Amino acid sequence: MTRSYWIVIAAGGSLALLLAAFAFQHLGGLAPCKLCITQRYPHVAAIAFGVLALALPHVLWIICGAIAAAITAGYGFYHAGVEQGWFEGPTSCTSGDIGTLSADQLLEQILTAPLVRCDDIPWDLFGISMAGWNGLVSSGLCLAWLMALKLRA
């Protein structure tokens, strides 16, 4: 297997994950939360680095692709942890303790809350949420980038 093969696998995997996210959103009706959107940006970067690595071969593009895949994997695992209650998520898209809020503060929180919360799991497969799958698959894509880095052009 060549360096180009691994680059296509890695960048193509990011493209597939991004297309799946858009399919869930636009065909499946599952609106993304703030953390879901954040996980998409590194995939876009990884695709761009893949194109660059194939068109203008340089080890830098492969390293950048691996970093992008690692970043989205990290976001995916963090988001899965927020969904499971292991981590506290951003206050802009998770629920917090309401016991100390006045009625006016509670109403304000309700009225300004985002439509999609980051700590809800709208879909899972085998008990793993979309964010968890993104973390797992993106980790594999990072390994594909590293395989490309290991091989000579």
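Which residues in α1 meet which residues in α5? On the α1 side they are R3, W6, I7, I9, A10, A11, G13, S14, L17 and F24, and on the α5 side M130, N134, V137, S138, L141, A144, W145, M147, A148 and L149. Contact here means heavy atoms within 4.5 Å. The residues of this contact divide into 15 nonpolar, four polar and one charged. For the classes, Ala, Val, Leu, Ile, Met, Phe, Trp, Tyr, Cys and Pro count as nonpolar, Asp, Glu, Lys and Arg as charged, and the others, Gly among them, as polar.

Some provenance. The model is predicted, with local features needing pLDDT of at least 70 and side-chain atom pairs counting only at pLDDT 80 or more, while totals for chains, interfaces and linings use all residues. Residues are numbered from 1 along each chain as its sequence is written, and side-chain values use heavy atoms, with hydrogens and water left out.

Now the overall layout. The protein has five helices and two strands, in the order α-α-α-α-β-β-α from the N terminus. Helices (H or I, at least four residues) and strands (E, at least two) are DSSP runs, numbered from the N terminus. Of the 153 residues, 30% are buried, where buried means under 20% relative accessible area, exposed over 50%, and partly exposed in between, with a 1.4 Å probe and protein chains only. Among contacts with a separation of 6 or more, 76% are between residues 24 or more positions apart.

Back to the helix pairs. α1 and α5 pack at about 165 degrees with axes 7 Å apart. Axes are lines fitted to C-alpha atoms, for helices over the stretch in contact, and angles run from 0 to 180 degrees between N-to-C directions.

The next pair is α1, residues 3-26, with α2. Their axes come within 9 Å and cross at roughly 150 degrees. By class, this contact has 13 nonpolar, five polar and one charged residues.

Q39, H43, A46, F49 and G50 in α2 meet A131, N134, S138, L141 and W145 in α5. This contact has five nonpolar, five polar and no charged residues.

Where does H43 sit, and is H43 buried or exposed? H43 is in helix α2, and is buried at a relative accessible area of 3%. Setting aside neighbours within four places in sequence, H43 is in contact with S14, L17, L18, T72, N134, S138 and L141.

Two other residues are worth a look. M147, in helix α5, is partly exposed, with a relative accessible area of 32%. M147 and M1 are 146 residues apart in sequence, yet their C-alpha atoms are 9.6 Å apart in space.

F126 lies in the loop between β1 (124-125) and β2 (128-129). The phi of F126 is near 60 degrees, a positive value in a residue other than glycine. F126 is exposed, at a relative accessible area of 71%.
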